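User: I would like to learn how to read the packing and pairing of side chains in a model. Can you walk me through one?

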Amino acid sequence: MKRSPADVLTTLLHEAAHALAEVRGVKDTSRQGRWHNRHFATLAGELGLVASKDDKLGWSLCILQPATADTYSVVMAELGAAMRAYRHTDDLPDPAARPRTTTGSP
């Protein structure tokens with residue numbers, strides 16, 4: 001939950017690219033799903049991402065295209081509000097961490 005709304009949307013679209021590959025019958029990864037090939041990069045591009053190549057993961061690293069960020073700006077704002085509401089509870093003290101008090105009995 002420490003990620004930005006744009007990062008979360010990027011992850012969702014990344015996973016949607018895998019779903020699109022599955023529906024279309026396209027093999028987009030190898031090495032137990034770790035290596036992302038050029039087919040993945042193409043599908044990610046269709047969904048508004050720019051995939052770049054990593055030496056260990058292939059075409060896995062993605063960023064939002066500027067037009068995609070514009071298209072989803074309202075969604076990202078709503079996502080950000082929801083994430084802040086959830087994070088609010090992270091700021092509350094842990095009840096188990098409170099120091100114990102005594103009643104003053106000897």
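**Reading side chains**

Analyst: Start with E46, which counts as partly exposed at 46% relative accessibility. Keep in mind that this is a predicted model.

User: Which residue does the side chain of E46 meet in a salt bridge?

Analyst: Side chains of opposite charge can pair when their charged atoms come close. Here the partner of E46 is R24, at 3.0 Å from N to O. R24 sits in helix 1 and E46 in helix 2, 22 residues apart, so the pair links distant parts of the chain. R24 is partly exposed as well, with a relative accessible area of 46%.

User: How many salt bridges does the structure hold?

Analyst: The count is 1.

User: What does L49 touch beyond four places away in sequence?

Analyst: The list is T10, L13, H14, A44, C62, I63, L64 and Q65.

User: Is A17 buried or exposed?

Analyst: A17 has a relative accessible area of 0%, under the 20% cut-off, so it is buried. Its place is in helix 1. Leaving out residues up to four places away, A17 touches D28, F40, L43, A44 and L47. Take L43: it lies 26 residues from A17 in sequence, yet the C-alpha atoms are 5.5 Å apart.

Key. Residues numbered from 1 in each chain as written. Predicted model: local features only at pLDDT ≥ 70, side-chain atom pairs only at ≥ 80, totals over all residues. Heavy atoms only, no water. Contact = heavy atoms within 4.5 Å. Helix = DSSP H or I, 4+ residues; strand = E, 2+ residues; numbered from the N terminus. Buried < 20%, exposed > 50% of the residue type's maximum accessible area, 1.4 Å probe, protein only. Salt bridge = Lys/Arg side-chain N within 4 Å of Asp/Glu carboxyl O.
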